[in-house]
Amino acid sequence: MQPRYAEPSVLVLASLCGGPKHGYALIKDIEEIAGTTLGPGTLYGALSRLERDGLVEPLPSRDRRRPYRLTPAGAAVARASLEHAQRVATVGLKRLAAFA
Amino acid sequence: MTWLLRLYPAQWRERYGAELDALVGDLRPTMSTRALVFDLVRGAIHAHLQQGIAMQTSTRSAIKRGLLVATLVSVVVSAGIVLTNVVLPSPTDDDTVIVVGSYLGIFAALLLTGVLGGRAGAGGRGLVVAGLVAGVVIGLSTITAFIVVDNVWLDIVSQQQSKIDGFASSGETSMRAYINQGLIGPGIFFTVVFGGLGAVLSLVGGLISRRPEPS
């Protein structure tokens, strides 16, 4: 059974699906796609866990701003997490329609 | 705001501190100070919790590896003790080469405990504990092997010239009492010295095995 990741980690994975990004670019991209602003401590908490688990990897740093990219394992976890979210949303919306 | 980064664990700060500092600088114009402080403090607490969990796991793993090494060494040393005292006792009572070889083998095993512990991700404390446990186990198993050999095969062991000479001048009433009395000192010595050496050598082995971080 795959470990479940908290929302900030899934948001980071979803953002990195679009290509490598450093911290600030990640925060701005997540604001756009999810409408939520991650704080720097939250973002780096998620990044450190994802790097520890081999789901993202650091690229050479530029001016202390180090970009990260998704690994193949990270892409698999991102897919599983997003499909799970999609299934929950689909079922929830169907039930909501019946409720209304 | 850089001072808040000091709340993070040192190892975490060494890896992510510069990046996080740069990001905080980028966010300061658009994010309120209160929100930044709250988020960084919360992040620091999570980092400490994560490090604690990771340390416990890696320390347990290092101890398990140390116990495996110690068990293998104990089997070999015990077999050697039976072999040299019972099966093929030295007619000259001179076992210097075997003893020196055994010590070197034990030291190498304690170093290996550190290398394996380091590869398991154990920190300094984990390496020390793993080496200490491995050393104590080797010490206890060594003295246990001597106790068993000396008592089970007393008739063979008591023919060693050093035992005969020692017993004659000991004032003990029986050879068994003399031999068992003589095992107390080495028992403490083996356990304490191997435990201490295990802690030091394991730490050295762990530091040797540590690979440099990617730049």
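This is a predicted model: local features need pLDDT of at least 70, side-chain atom pairs count only at pLDDT 80 or more; totals for chains, interfaces and linings use all residues.
Q: Which pattern of helices and strands does chain A follow along the sequence?
A: Chain A has 4 helices and 2 strands. Buried residues make up 39% of its 100 residues. Read along the sequence, the elements of chain A follow the pattern α-α-α-β-β-α.

Q: How many helices and how many strands are there in chain B?
A: Chain B has 215 residues, of which 37% count as buried. Along the sequence its pattern reads α-α-α-α-α-α-α. The count for chain B is therefore 7 helices and 0 strands, where a helix is a run of at least four residues and a strand a run of at least two.

Q: What percentage of the contacts in chain B between residues at least 6 apart in sequence join residues at least 24 apart?
A: In chain A, residues 24 or more positions apart account for 48% of the contacts with a separation of 6 or more. For chain B, among contacts between residues at least 6 apart, the share joining residues at least 24 apart is 77%.

Q: How much area do chain A and chain B bury between them?
A: The size of an interface is often given as the accessible area lost when the parts come together. Here, 21 residues of chain A are in contact with 22 residues of chain B. Of the area buried between the chains, 54% lies on carbon and sulfur atoms, and the total is about 1800 Å².

Q: Which residues of chain A lose the most area to chain B?
A: Three residues together account for 34% of what the chain A side buries. These residues are P40(A), Y44(A) and R64(A).

Q: Is R64(A) buried or exposed, or does it lie in between?
A: R64(A) is found in the loop between β1 (56-58) and β2 of chain A. Its phi is near 65°, a positive value in a residue other than glycine. Most residues other than glycine have a negative phi. The relative accessible area of R64(A) is 41%, between the limits of 20% and 50%, so this residue is partly exposed.

Q: How do the residues of the contact of α2(A) with α1(B) divide by type?
A: From α2(A), the contact is made by G23(A), Y24(A) and I27(A), and from α1(B) by L23(B), D26(B) and L27(B). By type, they divide into 4 nonpolar, 1 polar and 1 charged.

Q: Which element supplies the largest share of the largest nonpolar core?
A: Of the 34 residues in this core, V12(A), L43(A) and Y44(A) touch the most other members. Elements of both chains each supply at least two residues, among them α3 (40-52) of chain A and α2 (33-87) of chain B. The largest share, 6 residues, comes from α1(B).

Q: Is V24(B) buried or exposed?
A: V24(B) is found in helix α1 of chain B. Leaving aside neighbours within four places in sequence, V24(B) is in contact with P40(A), M1(B) and L40(B). Its relative accessible area is 4%, which is under 20%, so V24(B) is buried.

Terms used
Residues are numbered from 1 along each chain as its sequence is written. Chains are lettered from A and ligands numbered from 1 in the order in which they are written. Side-chain values use heavy atoms; hydrogens and water are left out. Contact means heavy atoms within 4.5 Å. Ala, Val, Leu, Ile, Met, Phe, Trp, Tyr, Cys and Pro count as nonpolar, Asp, Glu, Lys and Arg as charged, and the others, Gly among them, as polar. A nonpolar core is a set of buried Ala, Val, Leu, Ile, Met, Phe, Trp, Tyr and Cys residues joined through side-chain atoms within 4.5 Å. Buried means under 20% relative accessible area, exposed over 50%, partly exposed in between (1.4 Å probe, protein chains only). Buried area is the accessible area (1.4 Å probe) that two parts lose on being put together, summed over both.
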